[in-house]
Amino acid sequence: MSDLSGKPDFRGPATLTFEAPPAEFEVQVDLRGHSQPIDGIFRWYGRVRPHEALQSFMAAAGSRREGRLSTDSGDVPVLVSDVDFWGRYRLQGTGMPPYPLVPEEDPDSESDDVVAPSPDDQALHRAAQLLEPEFRTAAVTTDGYVELLGGTPAPSPTAASRAMNNPLVASIYEKLWRPAGVAMMGVGGISMSAERDKAVDDLRLSGDMKVLDVAAGPGNFTRYLSDHLSGDGITIGFDISEQMIRRAVRDNRGPHAAYMRGDAQSLPFADNTFDAVCCFAALYLIPNPLTVVDELVRVLRPGGRIAIMSSYGRNAAPVKSVLGAVSGRIGVRMFDKNQFTSIFEQCGMTEIEQEVRGLAQFVSATNAH
């Protein structure tokens, strides 16, 4: 069957580049793709419309070349091969394609039988498009989330981190595990729903904002944040635990909520990507929490909002020493009261607010730069 039969998923301009020998061509392409039912891998393919300079290059360099294909929606590896009778070279690739997965309107086609991706899949695609190109190329989305670690298990150096990678904990996290932990921190007078509402207010969520929720766990918090967005708004739940992310995909996907599995110590996004970033009830479990905070600040756009909820070690020496001893045994870190406010001040942030409840602290701020 011809690559160009029927209605393509993408038809339009693209840039085709090669490294050895170096070359770049502005071309017109027709592309389509689908997920294989056996392995679930998305494969896309198509043809380059006749292009004399490309034909001369391919004839001199060989009829099968690896390069890169870029459009306004993505930049991905591509295999160029198999020229047909009309001088059109075949294009092939796997993984995230260089075009939106939402079918584009084709005024020349009368076919209405193209099934559009679900709103949840569209949200996943919008999330993947926020990745920097090198991460987008390697991303796998076959399980309903963006996998950035190649299936490598999350490290579990402490009792707390081992718990976060436990499927049983993932299944009871939102109803039992997290409430119990918050209760032990003495967050009196604030319910789970009130905590979520506070996050929405602190982050000033609305419209088509881009929001990042780091250490999202099973996604209940992420989904709640996403419910306050509209249009192309997206909240990305980011976590290193495969068990947590799988649970999030199962229970908390949505038209404005998508999930990624990766390492928050090196976020796969460009500077100034997000309108709001947050990390609730997790920094005290992360091996290098201040590195994660630096990353959150880095990807936050000027004027964007950051909000965190973490532990507070108290100032009284006896209390502080006891908390330090207990928390150290299980891998939970206790932070000083000025730990995060000082960081935000040093970053030139404004509207810094802090609320201390028991052994917990809520801190929010606006990125002024």
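D275 is buried (under 20% relative accessible area, with over 50% called exposed and the range in between partly exposed; 1.4 Å probe, protein chains only), at 13% relative accessibility. The side chain of D275 meets that of R301 in a salt bridge, at 2.5 Å from N to O. A salt bridge here is a side-chain nitrogen of Lys or Arg within 4 Å of a carboxyl oxygen of Asp or Glu. This is a predicted model: local features need pLDDT of at least 70, side-chain atom pairs count only at pLDDT 80 or more, and totals for chains, interfaces and linings use all residues. Residues are numbered from 1 along each chain as its sequence is written, and side-chain values use heavy atoms, leaving out hydrogens and water.

**Overall fold**
- The protein chain has 11 helices and 14 strands. Both are DSSP runs numbered from the N terminus: helices are H or I with at least four residues, strands are E with at least two.
- The chain has 369 residues, and 48% of them count as buried.
- Contacts (heavy atoms within 4.5 Å) are counted here at a separation of 6 or more, and 65% of them join residues 24 or more positions apart.

- E147 pairs with R261, their closest N and O atoms being 3.0 Å apart. E147 sits in strand β7 and R261 in strand β10, so the pair ties together parts 114 residues apart in sequence.
- E147 is buried at 9% relative accessible area. R261 is buried at 0%.
- R204 and E351 form a salt bridge, 3.0 Å from N to O. R204 lies in the loop between α6 and β8 and E351 in strand β13, so the link spans 147 residues in sequence.
- R204 is partly exposed at 42%. E351 is partly exposed, with a relative accessible area of 42%.
- R301 (strand β12) and D275 (strand β11) are 26 residues apart. R301 is partly exposed at 30%.

**Helix α6 and its end**
- Helix α6 covers residues 192–203 and reaches 17 Å from first to last C-alpha, close to the 16 Å expected. The expected span is 1.5 Å times one less than the number of residues.
- Its buried residues include E195, R196, K198 and D202.
- K198 and D202 join E355 and R357 in a network of salt bridges.
- R204 follows α6 with a positive phi, near 55°.
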